[in-house]
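Take a look at the sequence and the model below. Then read on for a short tour.

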Amino acid sequence: MQPIEERPLRVLLAKLGMDTHTVGVTVIAHALREAGMEVIFTGLKQTPAMVASAAIQEDVDVVGVSTLSAGHTRSLPTLARLLREAGAGDKLLLAGGVIPEEDRPLLEEAGVDRIFTMGADTRDIVAYLNQWRATRREERD
Amino acid sequence: MDVARELLSGNVLAGARAIRWLDDRDRRGAQVLSSVFPHTGRAQIIGVTGPPGAGKSTLANAMITEQRRRGRRVGVVAIDPTSPFSGGAILGDRVRMARHTLDPGVFIRSVGTRGHAGGLSRSTHDTCLILDAMGYDVIFVETVGVGQDEIDIVALAHTTIIIGVPGLGDEVQAIKAGLMEVGDVFVINKADREGYEATRQQFELMLHLREEARPADAFDWSPPLLPAVATRDEGIAGIIDATDRHGSKLRDSGEFARMSGRRERAQALALMGEEMLRIAMERADAEVLSAVEARQIDPYEAARLLVHRLSPVQEE
């Protein structure tokens with residue numbers, strides 16, 4: 001039993017787009033919970049505006065969106081812009097799902113911090129988040 | 001950003017940050033709370049509780065819609081359990097409230113219990129104060145699914161709604177000990193289901209017995225029992241009529257302010273207890289602890305000595 005984290009990382013997980021595949025996002029939610037994080041799930045068929053609004057109300061550190069139905073080259077940059085405009089551009093923005101290699105530069109340019117595609121190991125995602133958090137703490141302190 | 005001033009003018013980003021600080025026990029949270037505290041005490045806090053699967057989130061979702069129809073700004077605190085093993089949590093109550101995500105008159109916050117027992121999180125009280133200061137007229141607090149004695153919500157809320165559903169068998173048995181004695185409005189959700197009539201009769205009997213046992217000087221309120229089908233928004237106006245009536249009666253009688261005062265008093269005592277425990281743990285005498293670990297003295301004797309040897313607490 002690991003000690004309970006006094007200040008757990010808060011992560012919003014959302015599904016952008018019209019698909020209804022929840023297996024991937026469910027697996028990630030459980031992995032993050034097991035790693036001691038608070039996962040806020042907002043459900044299916046979310047728009048970028050809904051995700052941004054929920055991320056702000058919940059004051060999460062990380063916004064993770066899963067997208068499997070194309071449209072991500074528009075929806076993800078929109079989400080990044082909405083967060084920035086609302087003064088919440090410091091949140092880590094992660095994307096997952098089906099994202100073709102050739103879309104990466106555009107998304108990274110638009111403000112997506114990291115892309116985990118199909119088959120990504122949940123342990124890698126947890127390790128990445130813990131590392132991100134450690135460096136951010138140093139910056140803050 | 002001046003978080004306190006911004007949240008008082010309704011800035012969502014600022015309010016959300018203040019709540020995070022309070023939940024994380026970041027000392028900036030207490031500072032913000034001190035600044036905004038004089039602006040609190042207006043909102044009606046409505047507890048929404050019941051056993052797991054009763055439809056608390058779905059009912060809360062429908063009640064938000066009805067409150068908005070009546071022109072009120074609504075805050076929501078939705079509590080889910082934190083895993084005692086990992087300290088993590090999956091907070092999924094927002095899924096059923098998604099239709100309110102883009103409404104600027106609604107603020108929804110999901111919180112984990114973070115080791116707190118009693119059906120609430122340790123920060124629920126503070127979160128309600130922040131939402132109150134932000135100008136939300138009504139604050140719904142949705143507890144974790146509760147059983148018999150997780151009734152902290154009653155001390156926090158002005159008005160507590162207890163939700164039951166048909167067909168859970170011993171459900172009334174399970175909730176009667178604690179919840180039946182304290183609810184202000186009773187709702188049987190999923191009232192279109194088989195077994196509704198039997199459940200209604202059980203609830204009525206319990207409420208009747210409670211009414212009989214009510215002391216003559218108690219607050220004059222007979223809890224209504226109302227049917228609802230939250231998924232179809234049925235019966236919701238009737239529930240809000242009841243919570244409105246209860247709220248008016250509390251305000252008119254002066255009980256509203258007295259309840260809020262008692263709540264702050266209890267919170268002060270709880271915070272004192274927490275702080276004293278922390279200090280006592282830090283100063284626990286190592287010699288005594290070694291002795292009990294070596295089984296030279298028993299735990300009762302050790303505890304007596306530990307208290308006895310506590311050095312006086314200095315004002316920091």
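Predicted model: local features only at pLDDT ≥ 70, side-chain atom pairs only at ≥ 80, totals over all residues.

Residues are numbered from 1 along each chain as its sequence is written, chains are lettered from A and ligands numbered from 1 in the order in which they are written, and side-chain values use heavy atoms, with hydrogens and water left out.

Begin with chain B. Its domain assignment gives domain 1 (40-259) and domain 2 (269-308). Such bounds come from an automatic or database domain assignment. The centres of the two domains, taken over C-alpha atoms, lie 39 Å apart.

Now turn to where chain B meets chain A. Chain B brings 31 residues to the contact, and chain A brings 36 residues. Contact here means heavy atoms within 4.5 Å. Together the chains bury about 2900 Å², with 50% of it on carbon and sulfur atoms. Buried area is the accessible area (1.4 Å probe) that two parts lose on being put together, summed over both.

What holds charges face to face here? Four salt bridges are found across the interface of chain B and chain A. A salt bridge is a side-chain nitrogen of Lys or Arg within 4 Å of a carboxyl oxygen of Asp or Glu. Helices (H or I, at least four residues) and strands (E, at least two) are DSSP runs, numbered from the N terminus. E4(B) gives the most to this side, with six residues.

Strands also pair across the two chains. Strand E2 (residues 38-41) of chain A and E3(B) run in the parallel sense over three bridges. Two strands pair if DSSP finds at least two bridges between them. In E3(B), Leu91(B) is the bridge partner of Ile40(A).

Finally, look beyond the interface. Over all chains, the structure holds 39 salt bridges. Asp244(B) and Arg72(B) meet in a salt bridge through their side chains (2.9 Å, N to O). This pair links distant parts of the chain, 172 residues apart. Asp244(B) sits in helix H9 (residues 236-253) of chain B, while Arg72(B) lies in the loop between helix H4 (56-69) and strand E2 (74-80) of chain B.
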